[in-house]
Amino acid sequence: MRPTVHDIAAAAGVSLATVDRVLNQRPGVRLVTREKVEAAIRQIGYIRDVAAANLAKSRVYPLVFIVPTGDNSFMHGLRFEVHQATLRASIERTDIRIVEVPPFDVPALVAALDALQEQDIAGVALVATDAPEVRAAVDRLVSERIPVITLVSDLTDSTRHHYAGIDNIAAGRTAARLLGRFLGGREGDLTVLAGSMLVRDHRERLQGFSAVMAEEFPKLRLLPVLEGRDDPERAKSLVSKALSENKDIIGIYSLGAGNRGLIAALKAVRPERELTVVVHELTRHTRAALLDGTIDAVLNQDAGHEVRSAIRVMKATADGQAVIADQERIRLDIFLKDNLP
């Protein structure tokens, strides 16, 4: 006869409620008790049909998305996709909550993560700021058996379960190759606009970009990074000042934030200045700028795919199921004015 949860409870000397908590990886069970239950499961050879069990009891997965506030158009799109996911909650058996924190605010992000400890949740997805305090907070949640997924920007040195986002080093290398070839052997300076170098995605894009420029386009000189802090007015001011002070700037790479400010600064110097520009994220602002020739190329990641992937991975991880890597790979799209969707 196939072993049941009653057999586990008897072998471990615990209640059925405790067995249920352990099987569903919920908090509220002491480590020594959890180890007794897991030992009993191995001893009696209990095999659980997770999908059937969850479907039979109509399990609902409480999920939390932690996303930054502010004026970043891509993050607005990401929040929209999370909201869209809430509309599918009854079909996907999820209960999704959005927690907003100020961008690049390490203490606020840590506080939001720590507030989730001891809560009955099936997973957390966050846009990570790369700081030791954030990694420690993520590790604390993982130690509570709560699946943690990083979105868009990763925390590679943490114990997070999965990263839902593009390969940012490859993205930076792609941007460099596009910009270098567009410039066709010209010599001059390049300026780089970032949101903040506190986030790993921007650092990795810069790493890939710098490597290709040094290897293949030695006539193009990289200037110090401008940090717009996701503030369009600040980005506009920084870019305008750089262009006014340096007439040798012939190209700009925007790592992914402040594109509205960048576009405003570019329009103010056109057509007097001939600049080649590659940016990240297809929004209504970058689409319009691509169509009117203000920018030359957009590298894009699909926020909807990232949110859907995070949900699938959190549910699978909560159930102890394997993640299908090919299904969760986030691709990088390259858009010119000629192939816009």
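Two strands pair if DSSP finds at least two bridges between them. Helices (H or I, at least four residues) and strands (E, at least two) are DSSP runs, numbered from the N terminus. By that rule, strand β6 and strand β9 (residues 249-254) pair in the parallel sense over five bridges. The model is predicted: local features need pLDDT of at least 70, side-chain atom pairs count only at pLDDT 80 or more, and totals for chains, interfaces and linings use all residues. Residues are numbered from 1 along each chain as its sequence is written, and side-chain values use heavy atoms, leaving out hydrogens and water.

- Strand β6 spans residues 188-194, and seven of its seven residues are buried (under 20% relative accessible area; exposed is over 50%, partly exposed in between; 1.4 Å probe, protein chains only).
- The strand is therefore largely enclosed by the rest of the structure.
- With strand β8 (residues 226-227), β6 pairs in the parallel sense over two bridges.
- Alanine 194 stands opposite glutamate 227 in β8.

**The β-α-β unit**

- β6, helix α10 (residues 200-216) and β7 make a right-handed β-α-β unit.
- Right-handed means that, with the strands pointing away from the viewer, the path from the first strand over the helix to the second runs clockwise.

**Aromatic pair**

- Rings of Phe, Tyr and Trp (its six-membered ring) pair if their centres lie within 6.5 Å; planes under 30 degrees apart count as stacked, over 60 as edge-to-face and the rest as tilted.
- By this rule the count is one aromatic pair.
- Phenylalanine 209 and tyrosine 253 form that pair, and it is stacked, at 4.5 Å centre to centre with 20° between the planes.
- The pair links distant parts of the chain: phenylalanine 209 lies in helix α10 and tyrosine 253 in strand β9, 44 residues apart.
- Phenylalanine 209 counts as buried because its relative accessibility is 0%.
- Tyrosine 253 is likewise buried, with a relative accessible area of 0%.

**Threonine 283**

- Threonine 283 sits in the loop between β10 (276-280) and α13 (284-291).
- Its relative accessible area is 16%, so threonine 283 is buried.
- Leaving aside neighbours within four places in sequence, threonine 283 is in contact (heavy atoms within 4.5 Å) with Ser73 and Phe74.
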